[in-house]
Amino acid sequence: MSITVIKAGLQSSIQAGPFRSLRRLAVPSGGAADTLSLALANRLVGKPYDAAAIEITLGPAEFRADHAMAVAVTGAPCQVEINGEEAEPHHTLQLKAGDTISIGRVWAGCRVYLALSAPIALAPVLGSQSTLIGAGFGGMEGRALADGDVIPTDHGDTIVADLVTPAELQPFFGHGFVLRVVAGPESERLALGMAALARKRWRVSSRSSRMGLKLQGTAIDLNSAAPIRSGAVFPGIIQCPPDGMPYLIGCEGQTTGGYPRIGQVIRADRHLIGQLAPNATMLLVPVQPEQGEQIHAEKIGLWAEWLPGLALA
């Protein structure tokens, strides 16, 4: 029981829920870069929201089902084909043994998720099947998938009910994003306050990965260049290095850092970081912590009927 990688593309990997309660041991959170898209894909094949799936960066990629299974594709918009025939994302798709599913290059966004009805049979490491590519463990031998890899699966439901994500709940990804942020621990160093982030349109540089994204724009002025003691950082933290160009910590980012932490993307918007591709633009909109909590509650409420119990990392 397996699915074979015919074309792995730029970077495809096995990703599931994050590594939990291990940051004190310098283990990054990891897991799916876009937890909402992972949950949506797994919902369509009858799996837990954080079950292991294949995360595909930018595409194209191609896989062959070595036995009958249901699959679903969500995340960044792209062309999906089964045996060369067009198929729909956000639908449950039935594959027979020998069928191939192709994921085209994304039109916008960054990452696509391919969920399988058959459980991926890779041993969990530190409680997760996710791959920490930078650290070299988890998933498929701690690395990105390669052409010819055979991903083992267990006996699961070969056929599941055909479902479609409601149209109003299918996320739209373009080339521009809005991320809401609260002040970081060292935000007082911003010479213009949080307005220094909000008054600019930022562009994602080519220095981007699951670990983090370097932003391009007008350099930020700090009112102090005095060094700070290294402190804890988390996915969504915005640091300001000496060059004044912000660095946004991604899902696989380090656990400590020594640059001023000038902002933090709110929990409700953190999954969007996984869809920021090089050259994407973004606006950073400051909000108060209580506003961030309210936005999170409203977003969870929006998905409550289709994804009951959803947790956004």
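So, which backbone oxygen lies 3.1 Å from a polar atom of the side chain of lysine 214? That's the one of methionine 245, a polar contact if you take N or O pairs within 3.5 Å, with one atom able to donate a hydrogen and the other to accept it, and with residues adjacent in sequence counted only if both atoms are side-chain atoms.

Quick housekeeping. This is a predicted model, where local features need pLDDT of at least 70 and side-chain atom pairs pLDDT 80 or more, while totals for chains, interfaces and linings use all residues. Numbering runs from 1 along each chain as its sequence is written, and side-chain values use heavy atoms, with hydrogens and water left out.

Back to lysine 214. You'll find it in strand β14, residues 212-216 (strands are DSSP E runs of at least two residues, numbered from the N terminus). Lysine 214 counts as buried because its relative accessibility is 9%; buried means under 20% relative accessible area, with a 1.4 Å probe and protein chains only.

Next, strand β19, residues 261-265: five of its five residues are buried. It has antiparallel pairing with β12, residues 176-183, over three bridges; pairing takes at least two DSSP bridges. There, alanine 183 sits opposite glycine 263 of β19. Strand β16, residues 237-239, also runs antiparallel to β19, again with three bridges, and glutamine 239 has arginine 261 as its bridge partner in β19.

Last thing, the domains, whose bounds come from an automatic or database assignment. Domain 1 (2-169) and domain 2 (176-303) both contribute lining residues to the largest pocket, so that pocket lies between them.

Key
Buried means under 20% relative accessible area, exposed over 50%, partly exposed in between (1.4 Å probe, protein chains only). Helices (H or I, at least four residues) and strands (E, at least two) are DSSP runs, numbered from the N terminus.
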